[in-house]
Amino acid sequence: MSGFRSLSSGLRALQPEAFGADPRGERLARIRRSPHYKDGAFVNPGGPARTRPSGSALDFAKVFFDKEQRPRRSPVGTVPVHATTLADLATPPAGGLRATWMGHSSVLAEIDGQRVLFDPVWGERCSPLPFAGPRRLHPVPLPLAALGPVDVVVISHDHYDHLDLPTIKALAGTDTVFAVPLGVGAHLEYWGVSADRLRELDWHEETKVGGLTLTATPARHFCGRGLRNTQHTLWASWVVAGEEHRIYHSGDTGYFDGFQDIGAAHGPFDLTMIQIGAYSEFWTDIHMTPEEGMRAHLDLQGGPGGVMLPIHWGTFNLALHAWAEPGEWTKDAAGEAGQAVALPRPGEPFEPTGKLPVEAWWRSVSQPIPRPWRRPRTTEGAAGTSKRDLDLAGER
């Protein structure tokens, strides 16, 4: 038996550090006690979800390598990043709530005197290897060290574009608290985060950090970092409630009926951060389209209300759609629904109760979008979407 243990230890030593660690001991026992863990794996709300591309590999390859469509999946120029400065973040938000989208799903939320950092990814690639894998399409708006103190880091799940090894290792040297879904703490401890700074939650469990209550809520997705996808770490959306404000971060998720339940239990929200990118007809169960993302926001709010911030787009090329399509389609979906939506450049702070950033900044560096939104281009849109904006979107 000792020989097998030595072989197992040797194989683990050959694995990239970014693979993290599997849950063991009491953590694994707690996972097995979870009502959401059955037959050796966590299960999704709404029934099984396909986690691998549907259809044939040949069909996928035809679309992936299409010479006309492939260039559209990246910007054609320099993405106009807002160079976030200390002055942007030094003054407390006038209304008590401010959000700064750092790109992809990374958001700094300043809420009721506390600072919450969602899914921070400051690495150059979302990959276990520093020389391969999807690379940033724009730089981070500011160095992580310049962000200032963070009260709590919230992680939605353990995929590389949400849980980033170099970022976590940098934050491990601070005194911030980490709120993570059940099982994800094994990765963080392996990378140097002390167990006493971990708040590891199953769905519907909550924890308090300062004056905030953080609740892990369901999502429809999956997990996995290594060569084996054991489904032993949970994925989650998150509710953060302060004394005056409430916000929601979707993480990665397919659309499901549970958004209504989350909204009824924890909403309405002043701000929702909703995944609207990296969707595809090949994996409809695990990522939302802009239309579905808007529907999710409306479910959470019980109709138009609050402000929606689109996330999970613009930073990495992770799907087959045109690079700017999520932003363009979300802008049109918001106009169609009469819903306020914030469309900041990466790094651009805004307050939901203040003037919202609504300019279609991506158009200056986007190739034509081959599939225009279905919306008629004849009416004035909401959330700052003018007739001219809609006409331009239709032309693209």
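Here is a short tour of this predicted model in questions and answers.

Residues are numbered from 1 along each chain as its sequence is written. Local features need pLDDT of at least 70, side-chain atom pairs count only at pLDDT 80 or more, and totals for chains, interfaces and linings use all residues, while side-chain values use heavy atoms, with hydrogens and water left out.

Visitor: How many helices and strands does the chain have?
Guide: Helices (H or I, at least four residues) and strands (E, at least two) are DSSP runs, numbered from the N terminus. Counted that way, the chain has 10 helices and 15 strands.

Visitor: What percentage of the residues in the chain is buried?
Guide: Buried means under 20% relative accessible area, exposed means over 50%, and partly exposed lies in between (1.4 Å probe, protein chains only). The chain has 396 residues, and the buried share is 56%.

Visitor: What share of the contacts with a separation of 6 or more joins residues 24 or more positions apart?
Guide: A contact means heavy atoms within 4.5 Å. Take the contacts in the chain with a separation of 6 or more; residues 24 or more positions apart account for 70%.

Visitor: At what angle do the axes of H7 and H8 cross?
Guide: Axes are lines fitted to C-alpha atoms, for helices over the stretch in contact, and angles run from 0 to 180 degrees between N-to-C directions. H7 covers residues 258-266 and H8 covers residues 290-301. Their axes come within 6 Å and cross at roughly 35°.

Visitor: Is the crossing of H7 and H8 left-handed or right-handed?
Guide: A crossing is left-handed if the near helix is turned anticlockwise from the far one by less than a right angle, and right-handed if clockwise. The crossing of H7 and H8 is right-handed.

Visitor: Which residues in H8 meet H7?
Guide: From H7 come Phe259, Gln260, Ile262 and Gly263. Ala, Val, Leu, Ile, Met, Phe, Trp, Tyr, Cys and Pro count as nonpolar, Asp, Glu, Lys and Arg as charged, and the others, Gly among them, as polar. The residues of this contact divide into 4 nonpolar, 2 polar and 1 charged. On the H8 side they are Ala296, Asp299 and Leu300.

Visitor: How far apart are the end C-alpha atoms of H8?
Guide: The expected span of a helix is 1.5 Å times one less than its number of residues. H8 has 12 residues, so it should span 16 Å. The model agrees, with its end C-alpha atoms apart by 17 Å.

Visitor: What covers the buried residues of H8?
Guide: Among the buried residues of H8 are Met294, His297 and Leu300. Their cover includes strand E12 (246-249), H7, E13, strand E14 (307-311) and H9.

Visitor: Which residue makes a side-chain polar contact with Thr207?
Guide: Thr207 sits in strand E9 (residues 206-209). Its relative accessible area is 11%, so Thr207 is buried. A polar contact is a pair of N or O atoms within 3.5 Å; within protein, one must be able to donate a hydrogen and the other to accept it, and residues adjacent in sequence count only if both atoms are side-chain atoms. At 3.0 Å, the partner of the Thr207 side chain is the side chain of Arg199.

Visitor: Is His204 buried or exposed?
Guide: His204 lies in the loop between strand E8 (198-201) and E9. Although not a glycine, His204 has a positive phi of about 75°. Its relative accessibility is 56%, so His204 counts as exposed.

Visitor: And is Asp119 buried or exposed?
Guide: Asp119 lies in the loop between strand E5 (114-118) and strand E6 (152-154). Its phi is positive too, near 40°. Its relative accessibility is 1%, so Asp119 counts as buried.

Visitor: What is omega for the peptide bond from Gly267 to Pro268?
Guide: Most peptide bonds are trans. Pro268 is found in the loop between H7 and strand E13 (271-275). The bond from Gly267 to Pro268 is cis, with omega near -5°.

Visitor: How far apart are the C-alpha atoms of Ala278 and Pro326?
Guide: Ala278 is in the loop between E13 and H8. Along the chain, Ala278 and Pro326 are 48 residues apart. Their C-alpha atoms are separated by 8.4 Å.
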